[in-house]
Amino acid sequence: MMKNFLCPRLILIAFLKIAFISTSFSQVYKSGPADKDFAGYLFAYFKGNDVKDEAVCFAISTDGYNYRALNNNEPVVDSKVISSTGGVRDPHILRAENGQSFYMVLTDMTSSKGWDSNRALILMKSNDLVNWKHTVINIQQRYRGQADLKRVWAPQTIFDPAAKKYMVYWSMQHGSGPDIIYYAYVNSDFTDFESEPKVLFHPKNGKSCIDGDIINKNGLFYLFYKTEGHGNGIRLALTDSLTSGKWIEQEGYKQQTKDAVEGSSVFKLNQSDKYILMYDVYGKGKYQFCESYDLDKFKVIDQDVKMDFHPRHGTIIPVSRQELKNLTSRWGVPKGMKLSLRINPVLDGFYADPDVLYSNKTNKYYIYPTSDGFDGWGGTYFKTFSSPDLKTWTDEGVILDLKKDVSWADRNAWAPTITEKKVNGSYQYYYYFTAAQKIGVAVSDQPAGPFKDSGKPLISSKPNGIKDGQEIDPAVFTDPKTGKSYLYWGNGYLAVAELNKDMVSLKKNTTRVLQTDQTFREGCYVFYRKGTYYFLWSEEDTRSENYRVRYGTSKSATGPIEIPENNLILQKDPSQGIYGTGHNSILQIPGKDEWYMVYHRFSYPDGINMGDAAGFNREVCIDRMYFDEKGNIIPVKPTH
């Protein structure tokens with residue numbers, strides 16, 4: 001076991017480094033899917049030693065065990081376009097730390113020219129796994145002292161948290177010497193190395209090592225590598241600092257076969273603590289899969305693994321539902337594969353309190369959420385997501401950062417709302433947001449920002465007569481009858497005030513408190529349909545599994561509010577594992593009597609087991625909303 005050879009000091013150093021990294025820097029923007037969002041896997045591989053087979057192929061899986069080739073097992077990238085030799089091998093793919101970009105590195109080589117024929121590797125980058133940009137780096141041509149370089153093999157990429165850079169590492173042999181694993185840091189565009197190659201790892205016995213594969217687990221780096229020419233097996237070395245040169249080499253081999261192997265790769269199963277070590281049993285033309293919880297002891301699981309292709313030296317990464325959709329939209333769903341993907345959540349990652357907008361300027365839909373997943377609702381920035389069809393959502397990035405863009409508050413960025421208005425012939429966007437339990441407003445001429453803060457809070461005190469609650473959860477509404485715009489807000493109470501025509505100030509003496517019923521907690525939203533004003537709100541606490549949505553109606557935008565019977569219109573569904581459904585907004589498809597509720601819920605499926613943390617690890621969902629003949633809202637059924 002690892003505890004028998006890993007000294008306590010090394011563990012302590014690793015822990016201290018992690019603690020330092022996590023506390024020394026400001027809040028990092030979160031993008032892309034979290035572990036909860038992963039719905040499958042992408043396998044990048046090549047097929048064989050014929051030139052036509054030395055190309056990148058993709059396969060997908062929904063469970064990590066059963067894989068089907070995309071594009072009928074034909075290449076997804078043209079080797080002649082991206083390489084200097086006409087062929088590529090050993091594809092390694094990595095999701096970037098930003099959650100959205102992907103890096104792939106390849107051996108630039110055709111075996112038909114000989115195993116000592118190549119001097120180059122290839123860097124590739126994509127934002128969608130479909131379209132790739134590439135750069136060829138010829139080590140011998142680029143750097144001095146490489147005249148006797150014989151081969152450049154099997155590059156891979158890892159993020160080095162100490163350097164805050166991406167490191168590419170690969171093996172090289174010079175003259176009659178051993179194969180040694182080298183590294184170089186890559187520039188921010190992932191198009192070039194920043195410095196000359198340096199030695200990353202060489203076994204103490206001085207013999208060859210190739211096909212390095214590094215995984216970061218709890219601050220320790222596990223390097224699986226092949227011993228070339230003396231055993232042809234997979235060994236393991238560990239370090240807490242990638243560039244220190246200090247590695248602890250484990251005894252023995254990690255492959256669970258007596259056959260020769262190469263091209264090992266480790267990946268973590270989605271929503272699991274289990275790791276899979278796979279490697280190419282190249283003499284028999286097959287892969288072997290082994291499972292482990294500690295990356296030390298491995299158990300063969302070949303009986304559980306099925307493929308409709310024969311891969312060579314590749315890698316597997318987790319992908320989200322949206323990414324599976326991107327891949328299958330480009331190359332089709334593989335034959336014999338049922339790809340039934342959940343509808344919700346619609347956004348990858350942790351987000352909450354969604355406000356939805358259709359922009360007449362861009363003809364796109366936008367969701368403006370709270371950036372969630374921070375302890376104690378501690379987010380400090382806002383993002384937006386756009387979609388042409390309510391199905392495919394694009395992360396438009398940060399539109400307002402309290403730390404950088406707001407002078408009067410730097411914490412608790414919560415529950416925004418937005419409206420589009422035409423001013424002097426041009427569309428303007430007014431974005432109302434909560435910060436430090438106050439409400440501010442920012443303006444932009446684009447729905448995706450950037451937004452400029454007004455410089456001061458719009459609401460910073462309680463209405464007359466209110467002693468409890470918080471000044472949070474704004475909602476903006478323009479009355480189609482009068483053209484007047486109103487801002488609603490409150491936690492523990494519901495207040496409304498008319499906005500001036502500038503939309504960044506309140507009309508004097510218009511603030512009033514509206515009466516609902518004892519169920520009102522927060523998260524008001526107002527919309528209009530067929531002569532009726534609908535007021536929606538959330539009941540209970542967002543940390544409660546019973547967080548839910550009720551509504552009332554009125555004949556005006558400022559009340560009074562009438563409470564219908566059976567006004568509970570969104571609630572948990574334990575039979576589906578759905579809990580904490582609340583804080584919604586409403587979308588009407590332009591020109592149609594077609595309506596949708598956009599809301600958040602506990603993270604599925606683990607949120608119900610997270611305690612209070614479920615209240616700040618939430619996800620955004622959309623479901624259709626219907627009305628009966630009398631205009632009553634029919635309860636919305638939450639879905640996956």
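**Cysteines, cavities and a pocket**

Guide: Let's begin with a tally: the number of disulfides here comes to zero. A disulfide is counted when a pair of cysteine sulfur atoms lies within 2.5 Å. The model is predicted, so local features need pLDDT of at least 70 and side-chain atom pairs count only at pLDDT 80 or more, while totals for chains, interfaces and linings use all residues. Residues are numbered from 1 along each chain as its sequence is written, and side-chain values use heavy atoms, with hydrogens and water left out.

Visitor: Why is Cys524 called buried?
Guide: Buried means under 20% relative accessible area, exposed means over 50%, and partly exposed lies in between (1.4 Å probe, protein chains only). Cys524 has 5% relative accessibility, so Cys524 counts as buried.

Visitor: And what makes Cys621 buried?
Guide: The relative accessible area of Cys621 is 0%, so Cys621 is buried by that cut-off.

Visitor: How many cavities of 30 Å³ or more does a search of the whole structure find?
Guide: The search finds two. On a 1 Å grid over the protein atoms alone, a cavity is a set of points where a 1.4 Å probe fits but cannot get out; a pocket is an open set with protein on both sides within 12 Å along at least five of seven lines; lining residues have an atom within 4 Å of a point. Grid points are joined across faces, edges and corners, and a volume is the space filled by probe spheres set on the points.

Visitor: What is the volume of the largest cavity, and which residues are closest to its centre?
Guide: The largest cavity holds about 70 Å³ of space. Of its 14 lining residues, Asp355, Pro474, Cys524, His583 and Asn584 are the closest to the centre.

Visitor: What is the volume of the second largest cavity?
Guide: That volume is about 40 Å³. Residues lining the second largest cavity include Tyr579, Arg601 and Phe602.

Visitor: What about the second largest pocket?
Guide: About 820 Å³ of space lies in the second largest pocket. Among its 35 lining residues, Gln322, Val346, Lys391, Thr392 and Trp393 are the closest to its centre.

Visitor: Which helix gives the most to the lining of that second largest pocket?
Guide: Helix 4 does, with six residues. Helices (H or I, at least four residues) and strands (E, at least two) are DSSP runs, numbered from the N terminus. Strand 25 (394–401) and strand 40 (618–627) each supply at least two residues of this lining.
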